[in-house]
Amino acid sequence: VDDAPLSMGMDHAIVTAAVHITSNPRIQQSQHTKLTCKDEDKDRYNELVLQHLQAHHKPQNTEEALVNLHTAIVNAVTTIKPKHVHRTKGKYGTRLQADIRTLGKILRCLKRETKIPQELARQPVYTTITQPTAKRVGTKIRELQQRINKKAEKRTTIRARMYKYNRSEHFRTRNYGAFLNSALSRFNNFQGIEGFLTTTSDGEPAVDMDPERTKQIASKRVQQQHFSPSIPTPQYYKTRTQEDWDAMDPWFKKMFHTTHTPAPKAIYAHIMDPVNLVELTRRIKHLRKGKAGGRSQVTADLLQQLDTETVKEWVLPFINNCLEQDDIPPTGKLFAVWAIEKIPGAGSIITSTGKLNIRPITLLEPMFKLIESIIHTRLSRAMTKAGALNPNHYGFTQGTGADDLMLEESMVFEDAHQHHKEFHGSNNDCTAAYDNITPWTSETIYQYHGLPQRLIAFMLNIDKHQHGRILTAH
């Protein structure tokens with residue numbers, strides 16, 4: 001820091017900084033191809049899944065059943081459509097540019113009077129040319145080049161981007177600053193966590209982009225900030241003795257006395273009952289489409305394309321065995337974590353200490369989501385029928401959402417404005433509210449609502465022994 005400008009009557013100092021890069025490898029981002037199956041291939045897909053499942057012996061446990069099902073689905077999809085990187089994706093740009101390159105290669109073959117490679121000759125951009133000659137192929141290339149350079153198409157492309165995502169909402173609410181920022185941001189080059197801030201042997205700040213060290217630091221930092229409990233477990237939950245219960249705070253013992261003396265309610269007794277085919281089919285249908293899969297690469301869309309016989313013979317027994325055993329197998333507890341930026345441009349290089357500028361997105365297995373959906377639907381309906389939820393509770397409640405809350409709040413504001421009343425409001429935000437929910441707090445709430453012991457054990461067990469993997473740019 002140079003304070004010379006201050007001595008000259010100026011209002012600032014000069015700060016000089018240097019960043020030492022310990023390594024700067026070229027990051028080859030791994031291709032996370034999403035498994036999909038078209039509707040016209042649905043019959044072939046179900047046939048291949050059934051062939052794989054029938055070729056193996058009857059599973060002895062839920063772990064074998066889940067692994068066999070995942071393997072059957074993945075093999076069926078990759079058999080129908082092998083994994084590949086789309087020709088027009090990546091550094092080579094758009095479809096028009098790909099067509100120009102294809103025709104350019106064909107034009108060279110025509111001029112040299114050599115055979116056109118088969119993979120080029122069957123491209124639509126070439127087969128649609130009537131009686132293709134070198135002259136006509138050259139004319140087609142010039143037409144495509146003109147299309148790329150046409151300003152009208154560029155304006156159309158930008159206009160289309162303006163109305164994607166939340167941009168139209170920004171425009172409707174007259175939030176023009178956010179609208180223009182979103183519209184003019186034509187791309188985002190965030191590929192994940194690329195490196196981390198560190199220091200050299202001389203103590204100078206540096207950036208380390210070594211793949212292995214980056215994965216290690218990213219896993220450690222994300223686990224510490226988002227997947228580690230911040231509230232210590234009270235001694236009572238470790239020993240379950242009367243002495244340790246007496247040591248708890250009086251307010252806690254009064255409010256959560258069911259923790260020490262459980263009082264399950266009969267209205268929740270059916271939650272752990274076996275699932276029938278009708279209920280299972282309905283829950284599969286209501287899984288969110290288009291969502292990313294877990295570590296197995298199986299998505300909810302692929303589950304929804306399974307026919308009734310496969311669901312009845314293979315998926316239904318697996319779900320009921322999990323409910324009977326009060327747990328799901330280890331493979332179902334595997335998950336991946338993908339980081340997105342909180343502040344654009346600030347998430348690629350993470351810090352070794354302090355708060356991270358990223359938000360982790362957990363990618364769970366669809367089977368895990370399916371079982372959770374069954375329990376959640378049954379429990380939500382039972383709690384609504386019993387009147388266990390506060391009517392002012394809008395989160396994670398069937399039939400309500402943020403829109404209802406915003407409408408009610410706006411009506412309160414309008415009433416205060418119209419009748420000249422004072423309004424006192426408070427907005428509270430809990431830091432990492434859903435990141436650090438500990439098992440003992442979950443158990444306390446479950447006992448408070450009078451849930452059966454089997455249901456409590458099941459919900460606690462599915463959260464135990466989960467194993468995650470942090471996905472980085474490497």
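This is a predicted model: local features need pLDDT of at least 70, side-chain atom pairs count only at pLDDT 80 or more; totals for chains, interfaces and linings use all residues.

Biologist: Let us begin with salt bridges. How many does a search of the whole structure find?

Modeller: The search finds eight salt bridges. One of them joins the side chains of Lys 421 and Asp 415, at 3.1 Å from N to O.

Biologist: What makes the contact between Asp 327 and Lys 333 a salt bridge?

Modeller: The term requires a side-chain nitrogen of Lys or Arg within 4 Å of a carboxyl oxygen of Asp or Glu. In this pair, the closest N and O atoms are 3.0 Å apart. The pair therefore meets the cut-off of 4 Å.

Biologist: Why are Asp 210 and Arg 213 both described as partly exposed?

Modeller: Asp 210 has a relative accessibility of 22%, and Arg 213 has a relative accessible area of 40%. Both values lie between 20% and 50%, so the description applies to each residue.

Biologist: Where is Asp 210 found?

Modeller: Asp 210 is in the loop between strand 3 (205–208) and helix 11 (211–226). Its C-alpha atom is 7.0 Å from that of Gly 195, although the two residues are 15 apart in sequence.

Biologist: Strand 3 also contains Ala 206. What makes Ala 206 buried?

Modeller: Its relative accessibility is 2%. That value is under 20%, so Ala 206 counts as buried. Ala 206 and His 20 are 186 residues apart in sequence, yet their C-alpha atoms are 4.2 Å apart in space.

Biologist: Let us turn to the helices. How do you know that the length of helix 18 agrees with its number of residues?

Modeller: Helix 18 covers residues 366–386, which is 21 residues. At 1.5 Å a residue it should span 30 Å, and its end C-alpha atoms are 30 Å apart, so the two values agree. After helix 18 comes Gly 387, whose phi is positive, near 70 degrees.

Biologist: Which residues have a positive phi although they are not glycines?

Modeller: Among them are Gln 131, with a phi of about 45 degrees, and His 420, with a phi of about 55 degrees. Gln 131 is in the loop between helix 6 (124–127) and helix 7 (134–149), whereas His 420 is in the loop between helix 19 and helix 20 (439–448).

Biologist: Why are Gln 131 and His 420 called exposed?

Modeller: Exposed means over 50% relative accessible area. Gln 131 has 59% and His 420 has 73%, so both residues pass the cut-off.

Biologist: Finally, which residues form the patch of negative charge on the surface?

Modeller: Asp 403, Asp 404, Glu 408 and Glu 409 gather there. Asp and Glu count as negative, so the charge of the patch is called negative. Glu 409 lies in helix 19 (residues 402–418).

Biologist: Which residues make the nonpolar surface patch?

Modeller: Trp 251, Met 255 and Tyr 448 make that patch, with an area of about 370 Å². Met 255 lies in helix 14 (residues 250–255). The relative accessibility of Met 255 is 46%, so Met 255 counts as partly exposed.

Conventions
Residues are numbered from 1 along each chain as its sequence is written. Side-chain values use heavy atoms; hydrogens and water are left out. Patches are made of residues with over 30% relative accessible area and no salt bridge: like charges are joined within 9 Å, nonpolar side chains (Val, Leu, Ile, Met, Phe, Trp, Tyr) within 5 Å. Accessible areas come from the Shrake-Rupley method with a 1.4 Å probe; for residues, only the protein chains shown count as cover. The place of a charge is taken as NZ of Lys, CZ of Arg, CG of Asp or CD of Glu. Helices (H or I, at least four residues) and strands (E, at least two) are DSSP runs, numbered from the N terminus. Buried means under 20% relative accessible area, exposed over 50%, partly exposed in between (1.4 Å probe, protein chains only). The expected span of a helix is 1.5 Å times one less than its number of residues.
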